Amino acid sequence: MRGVLVYITGLSGAGKTTLAKEVIKSIKDKLNIKPIFLDGDILRECVMNKDYSTQGRFNMALYYVKVAKLLVDQGFVVVLSTISMFDKVRAFNMENFQNYLEVYLEVSEEIRKQRDPKDFYKQNIVDMAGLDQSVELPKNSHLVFKDNFDIDFACEKILEKIKEFNAGIAL
């Protein structure tokens, strides 16, 4: 098995964690391998970082991808869900991961506000990416799913790409 980074990005409420969990389940069930799930919010909590400034977010984004790189280099399939506000971080990924799949969830603000799984919109959270903090949205993602996308279809497409990275290896 060749290591792969599946990098799922989008703004808060886009469905990153929901999709990531389904992708993890699909990889286990259909490819019979145990992937590693990394979530930006959980990683931030692990290191007790509450710095949501632009620089703080950039530092955490680099931390996330460096942790993922340690694992991918050891042959693991890593699914990382994170807002990913910075072109520099995505460029780092493109340059430093041989098997890199960027998945962008392009979900309208209206739908994100309706979902609001963490009540960020209701609570008028300060320093929210995409609202009062500018975001460099992905421009060259391998896969883009919009608004009320079909999660099963998205999982199928992601698994197809993982298989392509591992062509010739029995999964």
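Reply: Buried means under 20% relative accessible area, exposed means over 50%, and partly exposed lies in between, computed with a 1.4 Å probe on protein chains only. The structure is a predicted model, in which local features need pLDDT of at least 70 and side-chain atom pairs count only at pLDDT 80 or more, while totals for chains, interfaces and linings use all residues. Residues are numbered from 1 along each chain as its sequence is written, and side-chain values use heavy atoms, with hydrogens and water left out.

Me: Is Asp39 buried or exposed?

Reply: Asp39 counts as buried, because its relative accessibility is 7%. Asp39 sits in strand 2. Helices (H or I, at least four residues) and strands (E, at least two) are DSSP runs, numbered from the N terminus.

Me: What is Asp39 in contact with, leaving aside its neighbours within four places in sequence?

Reply: Contact means heavy atoms within 4.5 Å. With those neighbours set aside, Asp39 is in contact with Thr17 and Ser81. A polar contact is a pair of N or O atoms within 3.5 Å; within protein, one must be able to donate a hydrogen and the other to accept it, and residues adjacent in sequence count only if both atoms are side-chain atoms. A polar atom of the Asp39 side chain lies 3.0 Å from the backbone nitrogen of Asp41.

Me: How many helices and strands are there in the protein chain?

Reply: The protein chain has 6 helices and 5 strands. Along the sequence they follow the pattern β-α-β-α-α-β-α-β-α-β-α. Of the 171 residues in the chain, 46% are buried. Among contacts with a separation of 6 or more, 78% join residues 24 or more positions apart.

Me: In what order do the 5 strands form the sheet?

Reply: Two strands pair if DSSP finds at least two bridges between them. Here the 5 strands form an open sheet with parallel pairing, in the order 2-3-1-4-5. Strand 2 and strand 5 are the edge strands, each pairing on one side only. From one strand to the next the twist averages 15°. Axes are lines fitted to C-alpha atoms, for helices over the stretch in contact, and angles run from 0 to 180 degrees between N-to-C directions.

Me: How many bridges join strand 2 to strand 3?

Reply: There are 4 bridges between strand 2 and strand 3, which run parallel. Ile36 has Val78, in strand 3, as its bridge partner. Helix 3 packs on the sheet and touches strand 1, strand 2 and strand 3, with its direction at about 170° to that of strand 3.

Me: Which residues of strand 5 are on the covered face?

Reply: In a regular strand the side chains alternate between the two faces of the sheet. In strand 5 (residues 143-146), Leu143 and Phe145 make up the covered face, and Val144 and Lys146 the uncovered one. Leu143 counts as buried at 11% relative accessibility. Not counting residues up to four places away in sequence, Leu143 touches several residues, including Lys157, Ile158 and Lys161. Helix 6 (residues 151-165) lies across strand 1, strand 3, strand 4 and strand 5, at about 175° to strand 5.

Me: What should helix 3 span?

Reply: The expected span of a helix is 1.5 Å times one less than its number of residues. Helix 3 (residues 54-72) has 19 residues and should span 27 Å, which agrees with the 27 Å between its end C-alpha atoms. Its buried residues include Phe58, Tyr64 and Val65. Among the elements covering the buried residues are strand 1 (4-10) and helix 4 (87-96). In helix 4, Asn93 counts as buried at 0% relative accessibility.

Me: How many disulfides does the structure hold?

Reply: A disulfide is a covalent bond between the sulfur atoms of two cysteines. The test is a pair of cysteine sulfur atoms within 2.5 Å. The structure holds 0 disulfides. Cys46 is exposed at 58% relative accessibility, whereas Cys155 is buried at 4%.
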